[in-house]
Structures are given as structure tokens and as C-alpha cells.
Amino acid sequence: MNVPDLWSEEFHADPFPVYARLREEAPIHPAGGPGTWIITRYDDARAALADPRLSKDPRHAPGWVRRMEIMTGGEGPTGTNMINNNPPDHTRQRRSVSRAFTRRRVEALEPRIREITDDLVAKMAVQAEVDLVKAFAVPLPIIVICEMLGVPAAHRDDLHAWTAALLSPAPGRRGTAERRRARRAMESFMIELIAAARRELDRNLPPDQQPDLLRALILAAEGEGGLSGRELLGMIRLLVVAGHETMAGLITTGVLTLLAHPEQAALLRARPDLMPGAIEELLRVGGAADRATLRFATEDVSFPGGTVPAGEVVSVCINAANRDPERFPHPDAFDVTRTDNPHLSFGHGIHFCLGAPLARLQARIAFSALLRSFPGLALACPPERLRWHNTGGVRSVRSLPVRLSPLEESHA
């Protein structure tokens with residue numbers, strides 16, 4: 001079958017019909033670049049995400065990927081870290097980071113995340129119309145991750161701009177040059193940030209008692225089996241990039257999903273206890289997690305849906321797998337009461353997202369606040385005027401104009 005440009009704005013606006021045809025007709029299909037294969041069925045995708053023959057190591061990337069500077073010098077877009085490494089390095093890196101990025105640390109953030117959320121909601125509530133991307137979806141996660149790492153507020157916009165450039169699929173010399181500039185600028189900033197945190201480090205405290213995640217990571221990285229300097233830098237870059245880009249995408253696509261299903265939004269307002277399950281359904285059907293990070297076949301890899309030749313690139317289509325009717329009954333339906341929901345939006349296998357608990361916590365607080373505070377929330381433009389894009393596999397809109405109706409007005 002003919003596949004449209006998988007990076008076009010038109011495709012990103014509604015990729016699901018194309019993915020459905022691919023699942024049915026050509027579940028492992030060459031597309032998206034020279035020697036690139038997309039995987040669309042749930043079982044194939046789940047197997048691919050856990051298959052060690054599909055390497056995350058940038059040194060296995062073909063020449064065209066390196067020429068675009070998506071991968072450089074043996075490093076991925078965010079440097080050297082566990083997301084682009086295989087065992088045993090991946091095992092060592094993840095174990096070291098896990099000593100700092102603990103569930104206890106995440107849970108302790110809940111009051112502060114609520115405070116940040118309430119402040120953003122209060123600022124929106126005095127306006128009749130806002131761009132939800134700029135007013136809420138981007139600020140919330142970037143404030144959270146910057147405060148976690150001790151990044152000064154003055155640099156939040158810089159980090160967002162650098163992230164967008166690093167993950168941009170823009171081809172040609174201009175796109176490559178922008179990625180190169182962003183990489184250098186972010187790296188210089190992070191090196192200074194690490195040096196400042198190291199000077200303030202209290203070595204009498206264990207990692208999980210350090211006042212911020214950056215100092216916890218520095219301490220956890222030291223000693224035998226820890227992280228090298230490049231690995232520590234890469235891990236911090238990964239936390240910044242993944243910590244806000246994916247969350248912003250989840251909020252925007254989640255809001256659009258709720259607006260398209262007002263009966264489900266009403267059910268959530270009436271039954272707040274359904275919110276944890278609703279977050280999983282928004283992760284599955286909202287469509288923010290479009291494709292997993294690239295993998296490289298170190299040998300021929302066969303699946304029921306087809307074979308990926310050695311030396312070629314694999315792109316696992318999360319949005320296609322998450323709507324596979326072989327795994328999810330009524331896969332295109334948005335149902336906040338769905339319970340059997342093993343979606344792949346956080347990955348699978350050894351690379352399952354370490355930040356999933358933080359993402360779920362932020363999402364639960366964010367969507368609860370929006371539903372509670374703005375029962376009259378509505379799009380302020382026709383849906384076809386929204387501009388879609390895909391940044392590093394995260395599908396979202398560039399802006400989301402909405403009209404607000406604060407809770408007080410609904411009782412007038």
C-alpha cells in the first residue's frame with residue numbers, strides 16, 4: 001500500500017486510519033526513510049520493544065541517521081544515557097539513576113505539583129480565552145522538572161527551545177545546524193549546572209535525601225558501578241527533554257480527547273475515583289506517544305507480521321499498537337472505565353520509562369484541576385485549524401486555543 005509522508009502535518013492530525021490499514025495489510029512496512037521499517041501490530045510492537053537484537057546503541061545507526069545528526073559521536077539526541085544503551089551499560093546506568101529517582105522522591109512532589117497546577121489554573125481563570133499549550137501544558141511539566149533539578153526559572157524557556165530543536169525531524173542543512181547549536185548550548189548550560197550543584201553537595205546525606213534530584217544523581221553516579229561524566233550529563237539532558245516534552249503532549253492530546261467526548265468528561269467530574277484509569281486510557285487513545293525511539297537491527301529479525309533486515313532502522317508505532325483490535329476491544333473508543341489496558345505508551349521491557357510514576361502523578365493532578373475548574377472548557381477554533389506536529393515521537397499541537405468557563409460562572 002502507499003503510505004503518506006509520516007512526518008507531514010496532515011498525517012499527524014489523524015494518523016489512526018493509516019495505521020489501521022497498515023496493521024491489516026502491511027504490519028511491518030518500509031517507510032519514513034531509507035532502510036526504515038514501521039511496526040504497527042500490538043504483539044509485534046511489544047516483542048520489538050523488548051528484543052535485544054534491535055539495538056538502542058547509536059553506534060549501530062546507519063550513515064543517514066548520523067548525517068542528520070540525530071545520533072552523533074556514539075550518542076543519541078540526549079547524549080549518552082540508558083535510553084540509548086544496551087546491557088550491561090544500560091543495567092548499570094538504570095541501577096545508578098534508580099537510587100536517585102525513587103518513588104519516594106516522586107510521591108513527595110505531590111504537594112508542590114498541586115501548588116504549581118493551582119497557580120497556573122488561577123492565572124488562566126481570569127481570562128476568557130487562552131492558548132492551553134503556552135498557559136498550562138508546557139509550563140507545568142517544565143516547572144516541575146526544572147525545580148526537581150534545581151534549574152533557575154530564567155532558563156526554562158531556553159531548555160524548551162533547545163529540546164524542540166534537538167528532537168526536530170527537520171531535514172537538510174538548516175535542521176542539522178539547529179540541532180547542532182541546540183546540543184552545544186544545552187550541554188554548556190548543563191555542565192555549569194552540574195559543577196554548581198557539585199560544589200553544594202552534602203555528602204553526609206544519601207541520594208534519596210538530597211534536596212534536589214540533580215545532587216541526588218551526582219551522588220548516586222559516584223563510585224564503582226556509577227555513571228561517567230558523559231553519562232551523568234546525558235541522563236540530566238534526558239530528564240529535561242523527556243520530562244516536559246512528553247508530558248506537554250499528553251496534556252494537549254488528552255484535553256482534545258476529553259473535549260471530543262463530553263460524556264466521558266462529565267463522568268470523570270462525577271466520579272473522580274475513575275481518574276487513575278482515565279489517565280491510562282488517555283495514554284492509550286489520546287495519541288501523544290506516537291512512535292518509540294529508534295532501534296537498529298543487528299541481524300535479521302522476524303515477527304509474525306514480517307522481517308526487518310539486518311542493519312536497518314525500526315520505528316515502533318505506539319499509536320498503532322495501542323489501537324490494535326486484536327488486543328483492545330473497541331480500540332478506537334475512549335472509555336474511562338476500561339480496566340484491561342496494557343498500553344505501550346511508556347514502552348516495554350528493560351527500557352520501560354523510569355519517569356512513568358511522575359508522568360502519571362502530574363497527569364492525575366493536571367486533568368483533575370482542569371475538569372474541576374473549567375466545566376465549560378471548549379475549543380476556541382475549528383478542530384481543522386489546529387496545527388499538528390511530531391517532536392521526537394511525541395504527537396501534539398503547536399497551540400490549543402480554548403475558551404474558559406470557571407466553576408463560579410457555571411453556578412451563576
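# Notebook: loops, helices and a pocket in a predicted model

I began with Glu384, which is found in the loop between strand 9 (378-379) and strand 10. Helices (H or I, at least four residues) and strands (E, at least two) are DSSP runs, numbered from the N terminus. Residues are numbered from 1 along each chain as its sequence is written. The model is predicted, so I noted the limits: local features need pLDDT of at least 70, side-chain atom pairs count only at pLDDT 80 or more, and totals for chains, interfaces and linings use all residues, while side-chain values use heavy atoms, with hydrogens and water left out.

**Entry: Glu384**

Glu384 is exposed, with a relative accessible area of 65%. My cut-offs are under 20% relative accessible area for buried, over 50% for exposed, and partly exposed in between (1.4 Å probe, protein chains only). I then looked up its distance to Ala13. Glu384 and Ala13 are 371 residues apart in sequence and 8.5 Å apart in space, C-alpha to C-alpha.

**Entry: confidence**

I looked up pLDDT, the predictor's confidence in each residue, from 0 to 100. The mean for the protein chain is 89, and 93% of its residues reach 70 or more. Over residues 407-412, pLDDT stays under 50. For that stretch the model has 4 contacts beyond four places in sequence. Contact means heavy atoms within 4.5 Å.

**Entry: cysteines**

How many disulfides does the rule give? The count comes to 0. The rule asks for a pair of cysteine sulfur atoms within 2.5 Å. The sulfur of Cys146 is 17 Å from the closest cysteine sulfur, in Cys353, which is too far for a bond. Cys146 is buried, with a relative accessible area of 1%. Cys353 counts as partly exposed, at 31% relative accessibility.

**Entry: helix 2**

Next I took helix 2 (residues 16-25). Its buried residues include Phe16, Val18, Tyr19, Leu22 and Arg23. Seen down the axis, the buried residues of helix 2 fall within an arc of 155°, so they line one face of the helix. The arc is that of the directions from the helix axis to the C-beta atoms. Glu24 and Glu25 are exposed on the other side of helix 2. I listed what the buried residues pack against: helix 1, strand 1 (28-30), strand 2 (36-39), helix 15, helix 16 (318-321) and strand 11.

**Entry: helix 14**

In helix 14 (residues 262-270), I found Gln264, Ala265 and Leu268 buried. They cover an arc of only 100° around the axis, which puts them on the same side of helix 14. The face turned away from that buried side carries the exposed residues Pro262 and Ala270. The buried residues of helix 14 pack against helix 13 (229-260), helix 15 (275-285) and helix 17 (356-373).

**Entry: two buried arginines**

Arg291 lies in the loop between helix 15 and strand 5 (295-297). Is Arg291 buried or exposed? Arg291 is buried, with a relative accessible area of 9%. Leaving aside neighbours within four places in sequence, its contacts include Trp7, Phe11, Tyr19, Ile318 and Asn390. The C-alpha atoms of Arg291 and Leu205, 86 residues apart along the chain, are separated by 39 Å.

Arg237 lies in helix 13. At 1% relative accessibility, Arg237 counts as buried. Beyond four places in sequence, Arg237 is in contact with residues including Glu75, Arg183, Glu187 and Arg230. Arg237 and Thr80 are 157 residues apart in sequence and 9.3 Å apart in space, C-alpha to C-alpha.

**Entry: backbone notes**

The peptide bond from Pro87 to Pro88 is cis, with omega near 5°. I placed Pro88 in the loop between helix 4 (63-67) and helix 5 (89-98). Phi of His330 is near 45°, a positive value in a residue other than glycine. His330 sits in the loop between helix 16 and helix 17. His330 is exposed, with a relative accessible area of 67%.

**Entry: second largest pocket**

A pocket, on a 1 Å grid over the protein atoms alone, is an open set of points where a 1.4 Å probe fits, with protein on both sides within 12 Å along at least five of seven lines; lining residues have an atom within 4 Å of a point. Which residues lie nearest its centre? Of the 22 lining residues, these are Ala164, Glu245, His389, Thr391 and Arg398. Elements that give two or more residues to this lining include helix 10 (156-167), helix 13 and strand 10 (388-391).
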